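Hello,

Here is the structure for you to look through. Notes on what was found in it follow below.

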Amino acid sequence: MSTLEFTGLHVRYGHGRRAHLAVNDVHLQVPSGTTVGLVGESGSGKSSVAAAAVGLVPSTGSITLDGAEITRQTRRRVQMVFQDPFSALDPRMAVGASIAEATRATGRRWSSAARRQRVGELMERVHIDPSRAGELPWQFSGGQRQRITIARALAAEPAVLIADEITSALDASVQGVVLNLIRELQAELHLTVLFISHNLAVVRYVSDSLYVMRRGRVVESGATDTVLGAPKDPYTAELLASIPVLGQEFRLEDN
Amino acid sequence: MNPALRQRLTSPRGLVTTAGALVLLALVVLGPMIWGDRATTTAVADRLAGPGAGHLFGTDELGRDILARTLVATRTSVLIALGATAISVLGGVLLGLAATVLPRPVRRLLAGLIDILLAFPWLLLALFFSAIWGAGTVSAMLAVGFAGIPTFARLGHTLAASVMGRDYIRAAQISGLGPVSIVARHVVPNILPPLTVNATVMAASALLSFAGLSFLGLGVQPPSYDWGRLFQEGFARIYVNPVAALGPGLAIVLTCLVFTQLGELYNQSGRRPSIVRRKAGAPPATQDGGPVAQIEDLHVAFPDASGRLVERVRGVSFSIQAGETIGIVGESGSGKSVTSMALAGLLDPTASVTARTLTFRGIDMTAPLTRTSRGVLGTELAMVFQDPLTSLNPSLTVGRQLTEVAQVHGGASRAQARDRAVTALTSVGIPEPERRVKQLPHELSGGMRQRVMIGMGLMARPKLLLADEPTTALDVTVQRQVLSVLRRTQRRSGAAILLVSHDIALISGFCDRILVMRNGEVVETLAAADLHEARHPYTRALIACVPDMTSDRSRPLPVIGDELPEEVPS
């Protein structure tokens, strides 16, 4: 397991006058074997940080894995799980084949028997019956699909797993199943996870430490309990005040 | 074979199409062998005969049997049509895919090239090729084939670009797959179905193109012949022997039909059954003191892919009093949105809606609406949906959309309506309303758009605001602002609110009364204040399974029974 670190990260979209700085000088560390939460609202740049880590968008600044600058080769050791389980699986490819495809990222040669066995193991790992490997994505529910995409990410034997809003598209009851799975994997495999979400309660539940982003910058960071227990930044405080609490009348703005 | 495909093949249309395709195939393979001699035997004595016992379509100027010639020409005609189609599809798709995956500058160049080629008339291209290779079968095939490339390039490019935006492509990229493997493994299989359908249409139009080319003398040259050539020869004597022209013409038309029907058969989705809206019970008289809306024993069913009705709402009853705030909470597929849409009369026409009572302000929503009741609905019922970008018309200014209600139902003048629009935007907390009314929806942020939707409801005098997941697409801080606006609006207008959401914490914090729905039924109704005393196990589980800011992080979250399989939206 490994430490992922961003130093002075900038992500810019567009050119010239229409350029938009989505990530502005972000320093963020995901220590080995821990789960780091990244919260922020839409447009805060949190997903751009993830996209930069896996090389989906160009960035400047440094991204290191175990102290070494990330390269095309080592980048495959960072894997990502996406928000929408409906768009994240090829509708015409059996789920087993999708998982098998990701084993390529390990860089090793797999015999077809070994690959099949690995797919079976991974499916069991995420509590999906391995005999269903030949079925197509539409035959699974949203929560099951999200677990399959997690299995696919694990197939690449990642050093770091990035979870980008993985429960936002799921129902409340299914969200619990996926969160429990993440915690279980974390405990058993000692995964290093960067967990991105707009939902503070969800991030709080899985994360050891926390970064709060707004408008491309990190406004506050620290141990989860410290940040949420005594927020220093007014924006973090506003976020906390905006969360509806069960059985309490919603604190609306002054009417 | 999958059941849907079998059902399509055994339908009358499927049977006829399959039979047609088989006959065509037999003619292509066997035609020249069986009738080859007859088609080339000249008999000067019989020349230019009309249709008769010996020659059903008559004979040509060398006394050859036209029917036999038509049957024999099937091979040439069909093969050059398919050949041209293959050239168009392969060439076009390769070009289109290249324009999707190559490095950016090359991609732009290719896309531009495709656009230019699209504007080029195909007949000119055919003339051009004929000039290079001389008129003949092959150059005609190449001409029609190349002329079709731009269309397929554009289609392939558009389809591939939409597939390339999906997350599974990103996942494959992260796993280290190269562009070629991504195209072969993920893009091609997903763009194949629409391409196949278009290819069959192309085959049919290629057949017509060859007829046209032969007619101009640019197609198949004698002594070879295809339907186009036969048609041209027959056309010269159309007043003497019309069948000589109509016979080959008919062959072209029938073959085109077989081609397009094959594509249709491949593409056809499940047939939709016709639904009759039934209503039960008599509507109560309109009255001002009674409930704003009343629902008793509401059932809503939708046809599934095979045409069977599946009940999505099963016997829901509740009423909404004036000024009340009611929340419906449930997971996807629980029927919460369908219930609210049924109340607004906005369900798809295929839905079967039955209810003992389904009224809004005394208007029976299961019966066809009269002009007056339409007016009442337009002014007294306001809706706010989850995605304001799709519920606002993207090409009209915010002001135009706001004033529509006032002008259509309220009979206000344009200037009056405009003033009211500005007032409405001010009251939902939109800064600089004079500037905003002139803007288009995409120029506003998500929270702003949602305020515009609420403002739109305010333009009339709403008695009920139906809000279906109004803040689900918004950030928590914006959610708070939008709900504040909603509450302020309610205070001012005295409207009742029906809030539909999956978030039980939100519903409990905003509403007076909560309905918990599951699988189309209301499992529990309770006052928001009594939520912690919920009796039904589902309600309790729903509360427990969501992590909040006080959840114990050292223990797994409780999970609701078995994961329910979701209905897959088609």
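**Contact between the chains**

In this predicted model, 54 residues of chain B are in contact with 55 residues of chain A (contact: C-beta atoms, placed from the backbone, within 7 Å). On the side of chain B that touches chain A, at least two residues each come from α7 (167-174), α8 (179-215), α18 (476-493), α19 (504-510) and α20 (537-545) of chain B. Of these, α18(B) gives the most, with ten residues. Helices (H or I, at least four residues) and strands (E, at least two) are DSSP runs, numbered from the N terminus. By type, that side of chain B has 26 nonpolar, 14 polar and 14 charged residues (nonpolar: Ala, Val, Leu, Ile, Met, Phe, Trp, Tyr, Cys and Pro; charged: Asp, Glu, Lys and Arg; polar: the others, Gly among them).

**Sheet in chain A**

Chain A has an open sheet of four strands, ordered β2-β1-β4-β5, with antiparallel pairing (strands pair if DSSP finds at least two bridges between them). At its edges stand β2 (20-30) and β5 (68-69) of chain A; each has a single partner strand, so one side of each has no neighbour in the sheet. Five bridges join β1 (residues 4-13) and β4 (residues 60-65) of chain A in the antiparallel sense. Phe6(A) is opposite Ile63(A) in β4(A).

**Domains of chain B**

Chain B is assigned domain 1 (3-267) and domain 2 (293-545), with bounds from an automatic or database domain assignment. The centres of these two domains of chain B, taken over C-alpha atoms, are 52 Å apart.

**Conventions**

Residues are numbered from 1 along each chain as its sequence is written, and chains are lettered from A and ligands numbered from 1 in the order in which they are written. As the model is predicted, local features need pLDDT of at least 70 and side-chain atom pairs count only at pLDDT 80 or more, while totals for chains, interfaces and linings use all residues.

Regards

Terms used:
Contact = placed C-beta atoms within 7 Å.
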